[in-house]
Amino acid sequence: MTAPTMPHTWTGRVRARALRDLPPDQLLPEHQPVYVASWIYVFGVLTLAAFLVVLGTGGVLALKGPQWWHRSSTGHYFNSLHLWSVELFMAFMVIHLWGKFFMAAWRGKRAMTWITGAVCFLGSIGTAFTGYLIQSNLDSQWISTQAKDGLNAAGIGSFFNVTDFGQMLMWHIALLPFVVGVLIAVHILQVRRRGVVPPMEIDLRDRVPEQMTP
Amino acid sequence: MTTTEAPRRHQAQATDAQKWTGRVREYDLVKEFVIALAVVAVLTAALAAIFSSPDEKQVTLSTWSRSAPNDFVLTAAAELDGSSGTASYGAPYTHTPDAAQKIGPVSLQHIAGVTHPINTASDFVLGPLTGVPADPALSAALRTWRAATPEQQQQWATAYDDALTKALDNDPTKVEPGNYGPVPVMLDRLLTTAQSGGLDGALLSQKQFFATDYTKPLLFIADGSYLEDQARAQHLGGDQWGMMNETGSYPGQAWLWLYTFWYQVSPFSTSGNADALVWGLMAVLSLALVLVPFIPGIRSIPRWVPVHRLIWRDYYRQGGAG
């Protein structure tokens, strides 16, 4: 019997690496450790669900154009759907983040899972902020003229002009959702790759060999 | 740290990273996701139907000049004599010395440079007036202005700005007589142009048909008091936690509470470098959030605060038998 050889093509190597790190039964498992039994676990999937509703409602607003919601009651309702799905998305994500903090969910080589999640949170704040800038009403006028001072003071305003509606529209509907979407995908793959973090201390009490305990 | 703690911690880290080999329970991830999606969709639809969303009408140069003409003319006078907020802003709009904010000796604002140059006198006043058709009085006023020396122009503009500031309600009709040159005629025509809606288009056109950059009209409007009055009425002022508020009674960007908080407290609330300092502080705090797993003390808080005992209470109650 010969040992399996490493594929020599780039494609083969990517496939081999993907299958090694994320075999199908690990990517979509039907069982979870017995400790995965708390309502706090629901907020991760609720965040993902809210993100998809945000994308869907934002997609409809994008299809009809940025002024549609000012002149159409249907458009206004879709704007409301977009607003409230963002509020839910951020609320679920904050609860998810605090839950993972108090679980010290970065333990066991899971630091990258935490980092991608935290960057995703910051990226989502930026995405939501640009959404407020492109409402084309009093709110967006005031927010842009106030926010410019902070961004200018940090040197960011020289290339990220919050009073340029066209630039902010592109950041909001293309660049930032793409970045946040990729981060969410990487974050979820990290969770599946490393598994759900085990409870603290219990491993010492129940799983460490006897001679390691006091 | 006792002699047994270090190996215990290393052992704990090793076991944390191991694949779980204890008891498992059936867990349908796809079903959970589908239910979550349905719940969020229904919840969103209900919240949108019940609470809707705010849409306070925008302020235009036209509405501003018609609703508050005195404020408009006073602001235009400041744009002409270079004393407005935008005229003396510094980077990225003007080359005003020492205007840029700093963090200690470093000014990122200055380093970034002037990338959106604005000359408020020519961009906000003289340029739009040049496009006003068939007005002999205005044409004569502009000829007088252009024929004067820069020192004379500055003298006229400053004198009129000062006189407007002192006039009752900043009313141009109640300005004391003085040597203002052609400035009163110029600003009167700018007011009528704005009231007719012509200034909105003139500031936006950017010398091309299609335009999406509202920097100039927004900065002009923000230099006046009218926009701020409207915003404060909607509790959006800086000292009203305005950055995280939304018009009406909507939740707004509640997640900006920490950023907004710093502006309410000293030394940020009184510093001329508040924006730079708050942004610097938030950059450090954001980096700390990302790097929590590597920061001693912070990463240990979950062990000291037993919230995890609540999260995994069933597991701990069963003795943690894996």
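**Figure 1. Strand pairing between chain A and chain B in the predicted model.** In this predicted model, Pro33(A) has Val24(B) as its bridge partner, a residue of strand 1 of chain B.

**Figure 2. The side of chain B that touches chain A.** Contacts between the chains involve 89 residues of chain B and 87 residues of chain A. On the side of chain B, helix 2 gives the most, contributing 12 residues. The residues of chain B that touch chain A comprise 48 nonpolar, 24 polar and 17 charged ones.

**Figure 3. Packing of helix 3 of chain A against helix 2 of chain B.** The crossing of the two helices is right-handed. From helix 3 of chain A, the contact includes Val45(A), Leu46(A), Leu48(A), Ala49(A), Ala50(A), Leu52(A) and Val53(A). These residues meet Glu32(B), Phe33(B), Ala36(B), Leu37(B), Val40(B), Ala41(B) and Thr44(B) of helix 2 of chain B. By class, the contact of these helices has 12 nonpolar residues, together with one polar and one charged residue.

**Figure 4. Packing of helix 7 of chain A against helix 14 of chain B.** This view shows helix 7 of chain A, residues 138-153, with helix 14 of chain B, residues 274-290. The helices pack at an angle of about 70°, and 8 Å separate their axes. Helix 7 of chain A is therefore roughly perpendicular to helix 14 of chain B. Asp149(A), Gly150(A) and Ala153(A) make the contact from helix 7 of chain A. Their counterparts in helix 14 of chain B are Asp275(B), Ala276(B), Val278(B) and Trp279(B). Sorted by class, this contact between helix 7 of chain A and helix 14 of chain B has four nonpolar, one polar and two charged residues.

**Figure 5. Domains of chain B.** The domain assignment of chain B gives domain 1 as residues 61-233, domain 2 as residues 254-289 and domain 3 as residues 291-322. The centres of domain 2 of chain B and domain 3 of chain B, taken over C-alpha atoms, are 30 Å apart.

Definitions and conventions:
Residues numbered from 1 in each chain as written. Chains lettered and ligands numbered in written order. Predicted model: local features only at pLDDT ≥ 70, side-chain atom pairs only at ≥ 80, totals over all residues. Left-handed = near helix turned anticlockwise from the far one by under 90°. Helix = DSSP H or I, 4+ residues; strand = E, 2+ residues; numbered from the N terminus. Contact = placed C-beta atoms within 7 Å. Nonpolar A, V, L, I, M, F, W, Y, C, P; charged D, E, K, R; others polar. Domains from an automatic or database assignment. Pairing = 2+ DSSP bridges. Axes fitted to C-alpha atoms, helices over the stretch in contact; angles between N-to-C directions. Parallel < 35°, antiparallel > 145°, perpendicular 65-115°, else oblique.
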